[in-house]
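Hi everyone, thanks for making time this morning. I'd like to walk you through one structure, so let me put it on the screen.

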Amino acid sequence: MIDLQVQDKTHDEARQGEALILDAPVKADARKLYIESYGCAMNFADSEIVASILSETGFETTGDYHQADVIFINTCSIRENAETRVRNRLSQFGVEKRRNPKLIVGVLGCMAERLKSKFLEEERLVDVVVGPDAYRDLPNLIEQVESGHKAVNVLLSREETYADISPVRLNSNGITAFISITRGCNNMCSFCVVPFTRGRERSRDAHSIVEEAKTLFEAGYREVTLLGQNVDSYTWTSEDGTETVNFAQLLEQTALVNPALRVRFSTSHPKDITDEVLHTIAKYDNICNYIHLPVQSGNTRVLELMNRTYTREWYINRIDAIRRIIPGCAISTDIIAGFCTETEEEHQETLSMMDYVQYDFAYNFTYSERPGTLAARKLADDIPEDVKKRRLAEILAKQQAHSLMRLQEWVGKTIRVLIEGTSKKSDQDYCGRGDSGAMAIFPAVEGVKPGEYANVYIERCTSATLIGKIV
C-alpha cells in the first residue's frame, strides 16, 4: 500500500507536541523526564540538548507523562495557535499534578521569557520557566522546585551556543540529524519575536560542528541539517583571531567529512545568501540542491514595513543567481498573507512572485500579531480576517499547482534517494528523500535497507509525494 501523505516541513505540523524518547536501557531507580516540543526544528534540537544535560543527573526519558517526575514543554511563540496548544496542554498536565503533587511541570524555550509572570504567578500553571540560553541551569532549577520554591531563568546570553554538549538523539531514525550552528537572531523583522526570545545572534565553534558531523557519520547517520535562524550570517572567529570561518566555508568543511554524508541547511536569508555559498553547493554533490529562502511578501513597500531589508528586485536577483549557478535547485519559501496595511495590489505582487519563482513548496500563514514585536507596537493589524483568509486561500491554491508541477518534472526520471525508513502507511514500502527534499515512496526490496542510498525510478506523483520503484 503506497503512502500518499508524507510531506516535508521545516515547521512540521505532524511533529507538534511530539514526546521525545531516548532509546536507552531503563533503570529502576531513574527519575523520568517527559519533554514535549512545539515549533520549528530548532526547538526539537534544543529538546535533545535538554535531555543530554539532564541525563547526566540521572534522568531517563519517557513517552508517557503519567510516569514522569518532570514534565517540560518546549515552546514556540511564532504563531498564536502554538500558544493555545501549550496552554491547553498545561491544563491537562495540571490534572496530573493534582493527582501527583510532587510532579514538576515546566515551560522551556521561546514562550518562557514573554509569559514567565503569567505562567508562574498569575495562572500558576508551572513550577519552573527556563529560556533557550539557560538549559545548563536546569539541574539547579529542579532542585529549587524540589525544595519548595518556584524557579525561573530566562536570561539571554551573548555567548551560549552549547557547543560542548553532545545532543542526545531523541526519536531519531538513526539516519538524519540536526546540527545547530547558530543561536539567536540579529534580524529585527517587525513581525517576529525570535530576537526577543532567543537573543542576539552568535555562531558556534566551527570545529565543534564538523566534529559533531563526523561523530554522527561514524554512528551511521547519513544526512545532517545545519540549523540557524539565519545560516548565511554564520561567522565564527577563533579566540586568538587566527581563524575565521563563514557559512560557505563551514558548508564545505561539513561536506568534506565524507562524500556519503548528505548536507542540508535551514534557514537562509535573502539579504545574506552569497554567490560563494551557491558555488559551494554546486561544487559538492553531497550538499543538497535545495534552498529555503523566505520571501514573506512580493511587494517592496510591505517588505520595508516588515523590516526585511531587501526589495522585490533584490529577492529576484538572488533567485536568478540560484537558477544560474545551481540549475534545477529546489527552492521553498515562507509567505505571510494580510500583513498590516497590505493592499489588494500588493497581494497580487506576492502572487506574481510565486509565478516567477514557482516554488517547490511553501509554508504559508495569515498574519498574526505577536505581542512585543515592532509591528504590534507601531502598526495596525487592519486587514479583516475574512480578507486574510481569502488571500491565503489564493496563495495555497497557487502553491499546490506549483508543487504538483515541480514534482511532475521528476516523473520518468531516476533519482538518488536516501532511505529513511518504512512508510507510515505500510511496512511494505520505504520512504526517503531525493536531493531536492521531495519525499519518495517505493516498495521495499530485499537486500536494501534504511540508511542506504537507492536509485528510484519515479513513475507518478501527487502534489506532495513522488511514487516509484528501486531500479
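I'll talk about an annotated site and then about a pair of helices.

Please keep in mind that this is a predicted model.

Let's start with the site. Where does UniProt place the feature "binding site"? The record, an unreviewed entry, puts that feature at Cys40, Cys76 and Cys110. These residues span 71 residues in sequence, yet no two of their C-alpha atoms are more than 10.7 Å apart, so they gather at one spot.

Now, which elements do they come from? Take two of them. Cys40 lies in the loop between strand E2, residues 31-37, and H1. Cys110, in turn, belongs to helix H3, which covers residues 110-122.

Cys110 has a relative accessible area of 5%, and because buried means under 20%, Cys110 is buried.

On to the helices. Two packed helices are described by the angle between their axes and the distance between the axes. Here the pair is H1, residues 41-55, and H4, residues 138-146: they pack at an angle of about 70°, and their axes are 9 Å apart. That angle makes H1 roughly perpendicular to H4.

Which residues meet there? From H1 we have Val50, Ile53 and Leu54, and they meet Leu138, Pro139 and Ile142 of H4. By class, this contact of H1 with H4 has 6 nonpolar residues, with no polar and no charged ones.

That's my tour, and I'm happy to take questions.

Methods. Residues numbered from 1 in each chain as written. Predicted model: local features only at pLDDT ≥ 70, side-chain atom pairs only at ≥ 80, totals over all residues. Heavy atoms only, no water. Axes fitted to C-alpha atoms, helices over the stretch in contact; angles between N-to-C directions. Helix = DSSP H or I, 4+ residues; strand = E, 2+ residues; numbered from the N terminus. Parallel < 35°, antiparallel > 145°, perpendicular 65-115°, else oblique. Contact = heavy atoms within 4.5 Å. Nonpolar A, V, L, I, M, F, W, Y, C, P; charged D, E, K, R; others polar. UniProt positions renumbered as here; feature names shortened; annotations may be inferred. Buried < 20%, exposed > 50% of the residue type's maximum accessible area, 1.4 Å probe, protein only.
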